Amino acid sequence: MKSSIRDQIDSGQIVSSLAEIVRVLESEEIRDARVRRVLEFLNRLVPYECCALLVGPSKNAHLFTIPDATESTREALQSSLSDMLHVMDGNGDIEPSGTGSGHLVLPVIGADRIIGVLQVERHDTYALHHVQLLSTVASQLGAYLAMVELKDRERRAQEVLRESESRLRAMSQHDVLTDLPNRLLLKDRLSQAIARARRNGTQVAVLFLDLDGFKHINDSLGHAIGDKLLQSVAACLSACVRKSDTVSRQGGDEFVILLSDVTHAADEAISAAKIISEVKKTHSIGEHRLRVTVSIGLSTYPEDGQDAETLIKNADTAMYHAKQCGRDNYQFFKPDMSLRAVERQSLEGQLRYALERQELLLHYQPKVNLKTGAITSVEALIRWQHPERGLLLPGQFLTIAEDTGMIVAIGQWVLREACRQTREWLDAGQLAVPVAVNISSLEFRSGQFLEGVQVALKNTCLDPIFLELELTETVLMQHAESSACALGQLKAIGVRLAVDDFGTGYSSLSYLTRFPIDALKLDQSFVRDISSTDDAIVVRAVISMGKSLKHTIIAEGVETPEQLAFLQAHGCDEGQGYYFSRPVGAQQFAKLLETGISAPVWN
């Protein structure tokens, strides 16, 4: 119990103590420390047994007690003060209670509302001057706590604003789908990297990447699967480079990688080769196991450009050159590529009108039975009769058609024209043979492909046995399950099916047994070097496997008597190539049907 002598305090001491309380409330200490010191000053002004202050709504009440109470006492005070605060909440005119007793409860009012309750317990009763004094302290506490609450709200608002600004800044500089830096942030980092390289005498490399055949994944499996594949590729690319490098997404299926502080040109090639190897690994997207390749163009500061925009443009140009070189490879930028890029752009614009202007035509190359020399079928091969450049071969424009999506419309025209020409030969009394048509990946994955085949056959009144569709093993194995289903539907129509360029892709023998295939076309690269031991082994193995699967084996690119002799000796069924006939026009092929192939000597 505190002595009553301490009750005798003159007005000067009161003013001094209240001034000290004001200084405490205006100090730089944290709120809890300030409030606790104020309660300690109250002990000098009015002796008490226990003083407690409850701040805030009852659900989140903050309780201060002097002296420190036991846990049970704190709980009792908490409950009592919370109830009191709840009753007084919203009543700013409430009068203090407890005058003339040892129990005093005072409302703590701030911003015209009760924000807390001050409760003082003492052994003796309180006189009126005690109540007035404590009311003054409660008022100061209320003003202070209201100010703290206002500052807290302002601080929280500023934090929310800063967080929002940070998020907006990040969103403006990052790709929404992959969370990679976008072209804006890439350009900024590339400019900084160039500035550092200029000071330090080092190099900067830019890799421009484009996924090969990504469009048909979107078209066949939907954009949701395509987006997840892009996210998987983004994670793969990030894992392939250093933390100091930057992987960015330009949009669509294009990515750009910044390699900073490069000291050797070989480092760029090593990074590109690693990326190509890692990206082509299987990506597990839900129930799908997807494989995709990438074409990469490389440019280097300072040789290929002095600024970010030039380096990116030149790397993009080199990437298109990688596409033209067969995809799934990387190419360094060379100055003459810019001229070819301009030429390619011009060709692309003209190709869009080639169908409309009827500039496309078909040539026909026979497939020959290697035992009898008879023509067994014919492959329809597209040509472009360019008004200025003359006759263009597929390698000069089909890559552009595939990159722009024009390949679908062109492929549909080839299918219709091949069926029409075969019907014309039949109507003319020719000894017609099946016509084979190459089908691109985009065509095969198109939702209208099956219907297009049926319409072409129906409109020309052509029996399905006269149509053969050739698809590469890469196209078939990219989505093996859906390919098996699509092939089954085509087979049900009655058309023949062949795997083109066999041996250059990634076939699974288990799937080959499931695909309703009629023929395997051995890629010409094996036939060309058939004299080498390795290629000879491959050719013999493919022929043996084809026979065991009851597939017709057709060798592409037969050009010499030695190649023909080897194929005949090992039981290859059919051959196709310049040794028998170059691709010729429809009228010339009709004559071949009449005269037959006369050049080779048949066993």
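**Contacts, Rings and Burial in a Predicted Model**

Tutor: Among the contacts in the protein with a separation of 6 or more, 66% are between residues 24 or more positions apart; contact means heavy atoms within 4.5 Å. This is a predicted model, in which local features need pLDDT of at least 70 and side-chain atom pairs count only at pLDDT 80 or more, while totals for chains, interfaces and linings use all residues. Side-chain values use heavy atoms, without hydrogens and water, and residues are numbered from 1 along each chain as its sequence is written.

Student: How many helices and strands does the protein have?

Tutor: The protein has 21 helices and 20 strands, which are DSSP runs numbered from the N terminus (helices: H or I, at least four residues; strands: E, at least two).

Student: Why is helix 5 called roughly perpendicular to helix 9?

Tutor: The axes of helix 5 (residues 183-200) and helix 9 (residues 308-324) cross at roughly 110° and come within 9 Å. Roughly perpendicular covers 65 to 115 degrees (under 35 is roughly parallel, over 145 roughly antiparallel, the rest oblique), so helix 5 is roughly perpendicular to helix 9.

Student: Which residues make the contact?

Tutor: Helix 5 contributes Leu186, Lys187, Leu190, Ser191 and Ile194, and helix 9 contributes Ala308, Glu309, Leu311 and Ile312. The residues of this contact divide into six nonpolar, one polar and two charged.

Student: What is in contact with Gln250, leaving aside its neighbours within four places in sequence?

Tutor: Gln250, in strand 6 (residues 246-251), is in contact with Arg183, Leu186, Phe208, Phe255, Val256 and Ile312.

Student: What makes Gln250 count as buried?

Tutor: Buried means under 20% relative accessible area, exposed over 50%, and partly exposed in between (1.4 Å probe, protein chains only). Gln250 has 12% relative accessibility and therefore counts as buried. Of the 603 residues of the protein, 48% count as buried.

Student: How do you know whether Asp32 and Gln358 are buried, partly exposed or exposed?

Tutor: Asp32, in helix 2 (residues 31-45), has 31% relative accessibility and so counts as partly exposed. Gln358 has 71% and therefore counts as exposed. Gln358 lies in the loop between helix 10 (335-351) and strand 12 (360-369), and has a positive phi of about 60° although it is not a glycine.

Student: Why is the pair of Phe444 and Phe449 called edge-to-face?

Tutor: Rings of Phe, Tyr and Trp (its six-membered ring) pair if their centres lie within 6.5 Å, with planes under 30 degrees apart stacked, over 60 edge-to-face and the rest tilted. The ring centres of Phe444 and Phe449 are 6.1 Å apart and their planes are at 75°, so the pair is edge-to-face. Phe444 is buried because its relative accessibility is 6%, and Phe449 is buried at 10%.

Student: What makes the pair of Tyr579 and Phe580 edge-to-face?

Tutor: The ring centres of Tyr579 and Phe580 are 5.8 Å apart and their planes are at 70°, so this pair is edge-to-face. Phe580 has a relative accessible area of 7% and is therefore buried. The structure holds seven aromatic pairs, and Tyr364, Trp425 and Phe589 form one aromatic cluster.

Student: Where does the charged end of Arg582 sit?

Tutor: The charged end of Arg582 sits over the ring of Tyr578, 4.0 Å from its centre. The criterion is NZ of Lys or CZ of Arg within 6 Å of the ring centre and within 35 degrees of the ring normal.

Definitions and conventions. Axes are lines fitted to C-alpha atoms, for helices over the stretch in contact, and angles run from 0 to 180 degrees between N-to-C directions. Ala, Val, Leu, Ile, Met, Phe, Trp, Tyr, Cys and Pro count as nonpolar, Asp, Glu, Lys and Arg as charged, and the others, Gly among them, as polar.
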